[in-house]
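Hi,

Here is the structure I promised to pass on.

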Amino acid sequence: MTHDPFLPADPLAVIASYAQVNLIGGVRVPVGTGMAVTNPATGARIGMAAASNPGETAAAVAAAKAAGPAWAALPARERGRRVAAAGRALAAEAEVVARVLCLETGKAIRTECRGELAVAADLLEFYGGLASELKGETVPFHPRSLTVTTREPLGVVAAILPWNVPLVLMMLKIAPALVAGNTVVVKAAEEAPFATFAAAEILMQYLPDGVLNVVNGDGPDCGAALTAHADIAKITFTGSEEVGEVVYKAGAGRIIPVSLELGGKSPMIICADADLDKTVTGAINGMRFTRQGQSCTAASRIYVHSSLLSAFVDKLAGKLEKLIIGDPMDEATDIGTIISARQAGVIRSYVARAAATPQAIVLRCGTLPKDADLSPDLFMQPTLILGLPEDHPCVQEEIFGPVAVIQAWDNYEEVIASANATRYGLAATVWTDSLSTALDATARLDAGYVQVNQNLTIQPNVSYGGFGRSGLGKEASLEAMLDHFTRKKTIVMNFD
Ligand code: ADP
């Protein structure tokens, strides 16, 4: 299939085309009320998104429900082919969607937005290729009976997104849901909805009407209306711990499955035998400094063996100094803006609490932009904090900003205990040349995604999901599709 460009080339024209609409049943449906979306880098209003009320949200569920039986009845590989083709189409129009994403999130186009589009498109191709894995089993129950299990779709899936990496998180949810034969209503993130709409509309060219629908609105009116709707068969949510709890309760009220990807405070343990240069690069990648640290997987607690501490901090600070903080759309920029003034205030208050702590050292690296047309308050320097007690809020709580806590360690048992001592359990990394240390630490770290000598983000085919208050369920893998977007039926046939 060749893909004819669907979106206008100008990102502001794309944004204008989604003024106060939802995508329901294959068309743009106007909504009575709008909410302004601003470019965090400049403070300028870039568009009006839909502020859907419960009734407008329910219309999307009705469309998804109506489209369900025909979509589920298609051969799995046909669904897979369409989802994979949609992935290639998204890749073909990636640049304009990346620019929309840059405008609404303040993430730098070169270091973040283009890469996000590439992963989003790849996830669609990856899951498209897994369609024939929707297999059941034969069970040796009785020689004269045929006992099999089959995988069935669940029905209408509600996929609720946050603003930090909306397109990757959208595809982690909708690609397996669609390939498995479900229909979907996506609830976009109100701070950054337009790239989600643009990507969805490209995908919709490859899907029957109503199979994929997108609504926007605030949490209480739109998100809660979705989770409470009687025709939603499954909720998949990425966002804050607090809202995750509310969403889980909404699912419990109707006994439907809920997948949650919530916060994190991921430890990075650097052993004395680790390669210093690699750990510095790993810390910059792991902390997602080029995403302003706005990542649930951020390696935000760096435990460095005391023998390496000063060399590590010098090298890390030196490299961070060189990253360019500025206009996210500028090709030279490495680091863009925090998503909102509110979030920037939260981050600053954490740093202020650290600065007020005796013995703590706060290093702010890099230079803030001086351009008059950029919002001064939303740019922040990568910040390293040393010398905090383990029970300090900056060590225990998710800051969701460009702030890494660096703790020196000498005792291996103690560092493992510290690494496991938060309520989260999303990710952890260990840096060592010793296989026995790697085996021991990976077995003992209480996190769902544990890496040695690397700090990668979400990868297709690698199950990703947290323990503890970081959430429930896995994403990005075959297992994620089978376990979270199908139900297993057991059939026993007796012709004795
Ligand atoms: P973040 O702080 O990353 O924005 P939130 O947890 O506040 O995370 O929001 C994540 C998503 O959940 C957003 O799309 C938001 O609108 C939605 N949301 C917020 N409150 C609710 C709710 N009560 N029910 C369902 N969805 C909600």
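First, the ground rules. This is a predicted model, with local features needing pLDDT of at least 70 and side-chain atom pairs counting only at pLDDT 80 or more, while totals for chains, interfaces and linings use all residues. Residues are numbered from 1 along each chain as its sequence is written, and side-chain values use heavy atoms, leaving out hydrogens and water.

The sheet is open and has three strands, ordered S5-S6-S20 with antiparallel pairing (strands are DSSP E runs of at least two residues, helices H or I runs of at least four, both numbered from the N terminus; a pair needs at least two DSSP bridges). S5 (138-139) and S20 (486-494) are the edge strands with a single partner each, so one side of each has no neighbour in the sheet. S6 (residues 145-153) is joined to S20 by nine bridges, and Thr150 sits opposite Lys489 in S20. Helix H16 (residues 478-485) packs on this sheet and touches S6 and S20 (contact is heavy atoms within 4.5 Å). The direction of H16 makes about 70° with that of S20 (axes are lines fitted to C-alpha atoms, for helices over the stretch in contact; angles between N-to-C directions run from 0 to 180 degrees).

Now the loops. Most residues other than glycine have a negative phi. Gln292, between helix H10 (276-286) and strand S13 (301-305), has a positive one of about 60°. Gln292 is buried at 1% relative accessibility (buried is under 20%, exposed over 50%, partly exposed in between, with a 1.4 Å probe and protein chains only). Asn453, in the loop between strands S18 (449-452) and S19 (471-472), also has a positive phi, near 60°, but counts as partly exposed at 36%.

Cheers
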